[in-house]
Each structure stands twice: as structure tokens, then as C-alpha cells.
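These are my notebook entries on what I looked up in the structure shown below.

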Amino acid sequence: MEQLVYKKPESVKDDFKVSFCPGCDHGVAYKILAEVLDELGVREKTIGVASVGCSVFSYDYFNVDMIEAPHGRALAVATGVKRSKPDKVVYTYQGDGDLASIGMGETIHAMTRGEKVTAICINNTTYGMTGGQGGPTTLIGQVTTTTPKGRMVEQSGYPIKISEILKEVDGTAFVARVSLDTPAAIMNAKKCIKKAFEVQLKGLGAGFVEILATCPTNWKMTPQEAHERVRTQMAEVFKLGIFKDRLSEAQ
């Protein structure tokens, strides 16, 4: 007798093509995001906003209506979509360079206004698609194509801790930083993504989840080494946890 163990989420296209490098965490993030949309029963009324970068491929993956935004403008586009169609579930899927560098203005202002949207940010400390340049979250000492001697505070300042910034913004209802380096971490990340959507559904404000993720190709590491770096280096600088949770406070 056959028993169903696992099935592809309905929020994933039947003909999707995975284009990510081996060991990249985008695929895992996509999967749990799709599962959340299925579990909440909102696929038919969801609109996703894809940003520029490796995250742009989300329109090839998700079985929901998608809009591609100019570089850094995903939350501005999401604001327009949500305000014009308030009955829809709206989310952005962005990289750290898109959300916390060129898009920092859009991010801060959308979150300050408390737009009823959900933002997912993949933090892999580098510009992955364009060649591994240093970005806003690049760690001190990290070697990239634009910091060949390692990031120096004197030249580039400190890594931006976007979750800590957004927890202080009045319009955010849920802010969390998670990782995908272990099965337990993946399950926790899914729970946090679900909460970020639930605060939108309840009209409590903006939801934000930052995901510490790997980029083995640009880090020049194996997938195993890359996940170890997340645990031993990234999580030391970018502390994991829930920074704000109005959903729990309201219950």
C-alpha cells in the first residue's frame, strides 16, 4: 500500500526550473514560503513582488501572480499593489543588497508606514548574481571581489543589521531573523514566515523575516562549509531570534 510522504506545494509551478547553484539556500527558502502560502490557503489571492538579483527567479517558481520591480523598489511596488488591492496578500522576496542597500529608503519608509505587506530578505553577505561584490551585510574581514583584502571598517563601515533597525520602526508588527543551516532551523524559519503573513492577514502592520543564507559559489566553499560559516560566523554578528511579535502580544 502506497503512502504519501511528501508532495510539491500547490504554490509551486508544475514546470518550474531550479537555476540556483548547488548548496544555495534560495531553493529551501522558496519551498517553505510556498508551503506557508498553501497552509494559509491564500495562494489564489497572493501577489508576489520579485526584486533584482538571484531572487528575481521567484517569478519562474511560484504559482501566484508576480510582478518584477526595479532594483531596490520591491517594497514601493508592493505598497502600490496592496493599497490598490487591499484584499490581496502581498509579499516581496529580496536579497540583502536589494533591500538594505539600493532599496533601504523604500524599506524603511514602507515599514515605517506599516504597510500591510510581508517582506522576506535573503542575507548572504554578498551580491551573488553579479559576481560576489561586497554589500551592506558583508562581514568585517570578508573577502569579496570588491574587498580583496577583506572588508575594513575604515573604508566600508560595519555590516547593516536590518532586523535590529526594523524592530525599532513603529509600523512593523513582526520582525525575525532565522537561518536554514539545519532541519530544526528550517522548521523555525517556516514558523516565522507564517507569522509574518499572519500579521498581514490580521491587519497588524508590516511583517519582516531576514534569512541568513549561503552563497557557496561566491564564498568559494562547499555547501557543508557554507552552512558551517552561517553558524560560526554570520550568526555571531547577526543574532538569530524574534525581535518583535505583535501577533503574540494581541493573543
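**Entry 1: glutamate 106**

I looked up glutamate 106 and found this residue in helix H5, which covers residues 104–113. I note here that the model is a predicted one, and I read each value below with that in mind. The relative accessible area of glutamate 106 is 23%, and I therefore list the residue as partly exposed, since the class of buried residues ends under 20%.

I then asked which residues glutamate 106 touches once those up to four places away in sequence are set aside. The list that came back holds Gly72, Arg73, Leu75 and Ala76.

My next residue was asparagine 123, which has its place in strand S4, residues 118–123. Is asparagine 123 buried or exposed? Its relative accessibility is 0%, so asparagine 123 counts as buried.

For the surroundings of asparagine 123, I again left out residues up to four places away in sequence, and the residues touched are Asp96, Thr137, Glu210, Ile211, Leu212, Ala213, Met234 and Phe238. Among them is glutamate 210, whose side chain makes a polar contact of 2.9 Å with the side chain of asparagine 123.

I went on to threonine 125, which is found in the loop between S4 and helix H6 (153–156). Threonine 125 also has a relative accessibility of 0% and is therefore classed as buried. I marked its backbone for a second look, as phi of threonine 125 is near 60 degrees, a positive value in a residue other than glycine. Most residues other than glycine have a negative phi.

**Entry 2: lysine 220**

A positive phi of about 60 degrees also turned up at lysine 220, which is not a glycine. Where does lysine 220 sit? I found lysine 220 in the loop between helix H9 (216–219) and helix H10 (223–237). With 72% relative accessibility, lysine 220 counts as exposed, because that class begins over 50%.

**Entry 3: glutamate 168**

I placed glutamate 168 in the loop that runs between helix H7 (162–167) and strand S5 (172–179). Its relative accessible area is 59%, and glutamate 168 is therefore exposed. For a distance along and across the chain, I took phenylalanine 243, 75 residues away from glutamate 168 in sequence, and found 9.2 Å between their C-alpha atoms.

**Entry 4: the chain as a whole**

The C-alpha trace spans about 50 × 50 × 35 Å along its principal axes. Why do I record the radius of gyration of 17 Å as agreeing with a compact globule? For 251 residues such a globule would have a value near 18 Å, so the two agree.

Buried residues make up 51% of the 251 residues. Of the contacts with a separation of 6 or more, 70% are between residues 24 or more positions apart. I noted an accessible surface of about 11,400 Å² for the protein chain, with 54% of that surface belonging to carbon and sulfur atoms. Last, I looked up the charges: there are 30 positive and 29 negative ones, and their mean positions lie 3 Å apart.

How values were computed
Residues numbered from 1 in each chain as written. Predicted model: local features only at pLDDT ≥ 70, side-chain atom pairs only at ≥ 80, totals over all residues. Heavy atoms only, no water. Rg over C-alpha atoms; globule rule 2.2 N^0.38 Å. Buried < 20%, exposed > 50% of the residue type's maximum accessible area, 1.4 Å probe, protein only. Contact = heavy atoms within 4.5 Å. Areas by Shrake-Rupley, 256 points an atom, 1.4 Å probe, with all protein chains shown as cover. Lys, Arg positive; Asp, Glu negative; His and termini not counted. Charge placed at Lys NZ, Arg CZ, Asp CG, Glu CD. Helix = DSSP H or I, 4+ residues; strand = E, 2+ residues; numbered from the N terminus. Polar contact = N/O pair within 3.5 Å; in protein donor to acceptor, adjacent residues only side chain to side chain.
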